[in-house]
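Please look over the model below before reading on. My points are numbered so that each can be checked on its own.

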Amino acid sequence: MKLSKFDAEIWTNAYVTLSKGVHNISFVYSGGNITTLAVDSVVTKSGECPKKGCGENWYTCKYNNTCYPYTEKCDGIKNCPNGEDENGCGSNKPKYKLTGGRDLWSGKLKTLSGSEYLTTCAYSLPEWTLNTICSNFGFNGTSYSKRKSEYITGDYIYCYYYRYGSLNCYKSSCEQCHCNVPYVFCSNTTCPLGKVSCPSSRNETNSTNTCIFKESICDGQPDCDDHSDEENCDSCTDNQWQCRNKKCIEKDLRCDGNKDCDDGSDEFHCFKYAENMTVQMFYNGSYKPICENNLKTADVANKLCSYVGRSNGTFNGSISGKGIVFRHKYSGNDDQLIPGFEPESISECNIAKLNCGEQQCGTRMMGSIESSAMSNSGQFALDGEWPWSVSVHGNYYFSKPAVIIDKHHVLTPAAYLKARLPKNLHIKTGSTWQRSGDEYYVDKIWIPKEYSPWNIDYNFAILHVKNEIKMSRSVQPICLPERSMPSNTKCFAVGFGGISKRLEEIKVEKTESSFCKKNFPLHENATFCANDKHDDPPHCSFDEGSYVTCPNEHGKWTVYGLGLETSCYNHDLRPSLFIDVYKIKDWIEEKI
């Protein structure tokens, strides 16, 4: 397979047959100024490559195994080595091209001008123009666009239109100028690209007018109002236990200290706090009380209480009964449910009683879910899904996201707070709409002394509200982390949408530290990066920032990151930057 300079920003597909053994595969590009190569959907199969078509939406070059997108047929550029893709085309080139997208049906808009395709600049495009562009490629479903700001040089096409008027475009040129490039998404369904309708549920409730991300189907997280996206998934046998993402593992692997589910859910909720003040652990198929033998230390008491979402644990006597006996055993790995101990047997013993603080955290009432919908950038949050999410308000329409960490305190970015008096601030709780909910007035603000607009590594603050926040099904505190955000864990960035003003969510994963440092070389004191699988970095989907949350190793929702506001210009594939909440946890606990 050979790539020419004309193949930049265009996906190309090929089959390669390799002999048996180990191969070092390299990609070579000579000439031009292209420095990045994207490789996606690499699949290996035994045997020779089939001599057949390249699949839906791809054309095959007849005399080799190279495939090219059907959108590149008759575009005036020879994608096949012998130029067969331009045969029989006449002079009718497509008027538009989409380049630089993550698939064939999205990308930056280019418009034909003479014999070449030029970058198109437009603040916005009317719906009928988007439909025309997408119909050019054979799509007749939902279409929409976003603006991607970048600097360009040379010739370009500038378009503008007046409401209910015609679209006016003309060719222009500049040495260097700012351009709002329309990034167009086409689809053949009623849902935007990359999203699908909710399935019909077993009780025949129809939620198919709601769109969710494809990867939300059977991921263990309800996204449709009737939970139909979590029905008809793989079922497990009687000897298996079903992970949160619907995969199956052997039942005896549940709560053994090792994460056998891809999402770690087999180690969620291994402990629970009983009414008789005992902490019980899931062991050999059921919850059983814990014997106090060897465990009566302050550290173990605090650990056990934190595992059930409470705090300030102390041992408080015992009762006789049959429970789990632990023995001392230290492991160099994080694979022990109680660090330094492992369960040994079930015996008659003194069952430990614990006083745990009343404060619970990281628990949500999934029964409170009422509705779901889809925004163009993320997915609208369900009512009660993120009960710790609040918004901080001041005068002049000032608004910031925040999370509840206890009955009197919320954690929020510090930007724009330093010049404000507490009396001018209030928070709103219990609503997925940015300007709705119960109001609580702020009477204290704590901001790190190191913070300044030029030192955003300290962009965090704690607000103290005068009256106690009333907890309910839609208002709960979130847990603080016991460690930094784990890698290879699917989490959520949550914040209020810039257009919708509704709470939105996007699935994210932590990126490699080297990739983060490459994009943000000046911010490494207390930060990490996270990204999603979609075309915008997570922070560009939200109005005034976001936070990152995922279940901790015990299944309690935990705030791992506070979003930092960074530029959305030229942001293709760039991650979002977050404050590592674990690294500032001591400062938080000192203030509260």
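This is a predicted model: local features need pLDDT of at least 70, side-chain atom pairs count only at pLDDT 80 or more; totals for chains, interfaces and linings use all residues.

1. Start with helix H2, which spans residues 298-307. Its buried residues are Val300, Ala301, Leu304, Cys305 and Tyr307. Viewed down the axis of H2, these buried residues fall within an arc of 160°, so they line one face of the helix. In general, an α-helix has 3.6 residues a turn, so residues three or four places apart point the same way. On the other side of H2, Ala298 and Asp299 are exposed.

2. Cys224 sits in the loop between strand E10 (211-213) and strand E11 (240-242). Is Cys224 buried or exposed? Its relative accessibility is 0%, and therefore Cys224 counts as buried. Cys211 is 13 residues away from Cys224 along the chain, and the C-alpha atoms of the two are separated by 8.3 Å.

3. A nonpolar patch on the surface is formed by Tyr158, Tyr160, Tyr162 and Tyr170. Together they have about 430 Å² of accessible area. Of these, Tyr162 belongs to the loop between strand E7 (144-161) and strand E8 (167-185). Tyr162 is exposed, because its relative accessible area is 57% and the cut-off for exposed is over 50%.

4. The surface also carries a patch of negative charge, where Glu250, Asp252, Asp256 and Asp260 gather. Asp260 is found in the loop between strand E12 (248-250) and strand E13 (271-273). With a relative accessible area of 31%, Asp260 is partly exposed.

How values were computed: Residues are numbered from 1 along each chain as its sequence is written. Side-chain values use heavy atoms; hydrogens and water are left out. Patches are made of residues with over 30% relative accessible area and no salt bridge: like charges are joined within 9 Å, nonpolar side chains (Val, Leu, Ile, Met, Phe, Trp, Tyr) within 5 Å. Accessible areas come from the Shrake-Rupley method with a 1.4 Å probe; for residues, only the protein chains shown count as cover. A salt bridge is a side-chain nitrogen of Lys or Arg within 4 Å of a carboxyl oxygen of Asp or Glu. Lys and Arg count as positive and Asp and Glu as negative; His and the chain ends are not counted. The place of a charge is taken as NZ of Lys, CZ of Arg, CG of Asp or CD of Glu. Helices (H or I, at least four residues) and strands (E, at least two) are DSSP runs, numbered from the N terminus. Buried means under 20% relative accessible area, exposed over 50%, partly exposed in between (1.4 Å probe, protein chains only). The arc is that of the directions from the helix axis to the C-beta atoms.
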